[in-house]
Amino acid sequence: MENLLSLSFDYLSSFDGVKIRKGLRQLEGLLAQLCLSRTTTAAERRRSMAPDGASKPGPKDLASLSEDPAFLEFFKLQEGFEWNVAIRLISCLERLLGKGSNGQNDLLLVSTLDLLRGILLIHPPSRALFAREIYMNLLLDLLDPSSCPAVQSSAVLTLVSALLDQPNITRCFENLDGLLTVTSLFKNRATSREVKLKLVEFLYFYLMPETPPHAGPEKVDGEGGLRRSPSKASKLGSGSRSKSEGEEGTRTTDEKQRLLGRYLNNVEDLVEDLKETAPFGASFG
């Protein structure tokens, strides 16, 4: 597994789009082997290769995944800097972003974001990387109005994966004017309808009440990769808090409503809709 990761990392570190795409496909293939059920019979294998893709292997259930030796080996490798996939994908994103917007580059950006989103979901400790301003700024830069709609949509979904069950990373997002970035894109007349729908879904997600993160290792260390100065003003550690730090820095829906209300009107309607429909299954008491 280390050999495959090493080879894919070499491709991802290239400035050649063809090599980057090859590295992304190798990582995608590895994750597919880890997370998808294997076809066992000849008939199943034939169906899995059908052109319509109607019988592709389905995802493994969580119970079997947590007991899979190959997945456990991969998860363990992600705990260190050398084999951490998220760090490599973030570095790749920065290089791609520096090349400007064009059709082929945008496709690579979307593919990289899609893989990063998957890694953040199957290896939650990698989300801790986005507590760093430079990495969070990279996601926010992808939400620039000049980005293509596909990149914007994928960046919004990746942002959700980074913030999921991570109040401290949500504070980083807020302190780097993430709410201003999201709402500005939402209010921009040039923003596509599909992207605006993704942004509304993100706001519902953001307004959910927070719970303290689970205890355990939530940190991936390492100093390699990005070296670009943040493009948004940093105000980490500033601002008043109505909740003590002993409560893990979490915010309630009401607190978030007041913050979001600085940039968007009718936030009360969003909150009322959220409480009535409970789209994420949360309880508001």
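**Figure 1. Leu 180 in helix α11 of the predicted model.** Leu 180 lies in helix α11, which spans residues 178-187; helices (H or I, at least four residues) and strands (E, at least two) are DSSP runs, numbered from the N terminus. The residue is partly exposed, with a relative accessible area of 36%; buried denotes under 20% relative accessible area, exposed over 50%, and partly exposed the range in between (1.4 Å probe, protein chains only). Between the C-alpha atoms of Leu 180 and Leu 260, which are 80 residues apart along the chain, the separation is 8.5 Å. Residues are numbered from 1 along each chain as its sequence is written, and side-chain values use heavy atoms, with hydrogens and water left out. As this is a predicted model, local features need pLDDT of at least 70 and side-chain atom pairs count only at pLDDT 80 or more, whereas totals for chains, interfaces and linings use all residues.

**Figure 2. Ser 161 in helix α9.** Helix α9 (residues 149-163) contains Ser 161. This serine is buried, at a relative accessible area of 5%. Apart from its neighbours within four places in sequence, Ser 161 is in contact (heavy atoms within 4.5 Å) with Arg 117, Leu 120, Leu 121 and Arg 127.

**Figure 3. Helix α6 and its surroundings.** Helix α6 (residues 85-98) has 14 residues, and its first and last C-alpha atoms are 20 Å apart, close to the 20 Å expected at 1.5 Å a residue; the expected span is 1.5 Å times one less than the number of residues. Of its 14 residues, 11 are buried, including Ser 91, Glu 94 and Arg 95. The cover over the buried residues of α6 includes α1 (2-12), α2 (17-35), α5 (69-77), α7 and α8 (133-141). At the start of α6, a side-chain oxygen of Asn 84 comes to within 3.2 Å of the backbone nitrogen of Ala 86. After α6 comes Gly 100, with a positive phi near 85°.

**Figure 4. The largest nonpolar core and Leu 5.** The largest nonpolar core has 72 residues, and those with the most contacts inside it are Leu 5, Phe 74, Leu 89, Phe 130, Met 136, Phe 173 and Phe 202. Helix α7 (residues 103-122) supplies the largest share of this core, nine residues. Such a core is a set of buried Ala, Val, Leu, Ile, Met, Phe, Trp, Tyr and Cys residues joined through side-chain atoms within 4.5 Å. Leaving aside neighbours within four places in sequence, the contacts of Leu 5 include Leu 27, Leu 30, Phe 74 and Trp 83.

How values were computed. Polar contact = N/O pair within 3.5 Å; in protein donor to acceptor, adjacent residues only side chain to side chain.
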